[in-house]
Amino acid sequence: MNKVILSGNLCQEIEVKQTSTGKSVATNCVAVQREYKSEQGAYDSDFINLVIWGAQAEYLSKYASKGDRVELVGRWMVRKYQANDGSNRVVNECVVESIKAFKKQSEEKQNNTQYTPTQYTNEEILPF
């Protein structure tokens, strides 16, 4: 089973593009804070590449912004391709299958309480 669950903050604004076949797609990254501190006493983060398709990409571009906290479920994918200079490249990324929840950065600062995640899938995208 290939299942990835991520909870972190969006690294940049969501920009939806259209493929040649008309499908919506967005790429982004999520900063996931590690559970332990480094030797310098700060929490390090891992930056995970995301690929978001269809209605989910449209939904996030409309309602989420850079820095917003997101909880995502997806699958891990490794792609190999040859760059224009002829070198071989490998890309690791999470293909988002569902948006479990997200919280606006401003809400998170104002309200430090826990929230109950809501499940959003491609079949049913609901604004909050």
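Asp44 touches Val32, Gln33, Arg34, Tyr36 and Ser38, when residues up to four places away in sequence are not counted, a contact being defined by heavy atoms within 4.5 Å. The structure is a predicted model, in which local features need pLDDT of at least 70 and side-chain atom pairs count only at pLDDT 80 or more, whereas totals for chains, interfaces and linings use all residues. Residues are numbered from 1 along each chain as its sequence is written, and side-chain values use heavy atoms, with hydrogens and water left out.

Asp44 is found in strand β4, and with a relative accessible area of 32% Asp44 is partly exposed, a class that lies between buried (under 20% relative accessible area) and exposed (over 50%), as computed with a 1.4 Å probe and protein chains only. One of the residues touched by Asp44 is Gln33; the two are eleven residues apart in sequence, and their C-alpha atoms lie 6.0 Å apart in space.

The protein chain as a whole has two helices and seven strands, where helices (H or I, at least four residues) and strands (E, at least two) are DSSP runs numbered from the N terminus. From that terminus on, the elements follow the order β-β-β-β-α-β-β-α-β. Of the 128 residues of the chain, 33% count as buried, and the accessible surface comes to about 8,500 Å², of which 46% belongs to carbon and sulfur atoms; these areas come from the Shrake-Rupley method with a 1.4 Å probe, and for residues only the protein chains shown count as cover. Among contacts with a separation of 6 or more in the protein chain, 56% are accounted for by residues 24 or more positions apart.

Strand pairing was assigned where DSSP finds at least two bridges between two strands. By this criterion β3 is joined to strand β4 (residues 43-53) by ten bridges, and the two strands run antiparallel; within this pairing, Lys37 has Tyr43 in β4 as its bridge partner. The two strands form a hairpin with five residues between them, and in the turn Gly41 has a positive phi of about 90°. Strand β4 also pairs with strand β6 (residues 88-103), here in the parallel sense and over two bridges. In β6, Cys94 stands opposite Leu50, and Cys94 counts as buried at 1% relative accessibility.

A disulfide, which is a covalent bond between the sulfur atoms of two cysteines, was assigned to pairs of cysteine sulfur atoms within 2.5 Å. One disulfide is counted by this rule. Cys11 and Cys29 form the disulfide, with their sulfur atoms 2.4 Å apart. The pair links distant parts of the chain, since Cys11 lies in the loop between β1 (4-10) and β2 (16-18) and Cys29 in strand β3 (residues 24-37), 18 residues apart. The torsion about the S-S bond of Cys11 and Cys29 is about -50°, and the disulfide is therefore left-handed. Cys11 is partly exposed, with a relative accessible area of 22%, whereas Cys29, at 12%, is buried.

On the surface, Trp76, Val78 and Val90 form a nonpolar patch with about 270 Å² of accessible area together. Patches are made of residues with over 30% relative accessible area and no salt bridge, like charges being joined within 9 Å and nonpolar side chains (Val, Leu, Ile, Met, Phe, Trp, Tyr) within 5 Å; a salt bridge is a side-chain nitrogen of Lys or Arg within 4 Å of a carboxyl oxygen of Asp or Glu.
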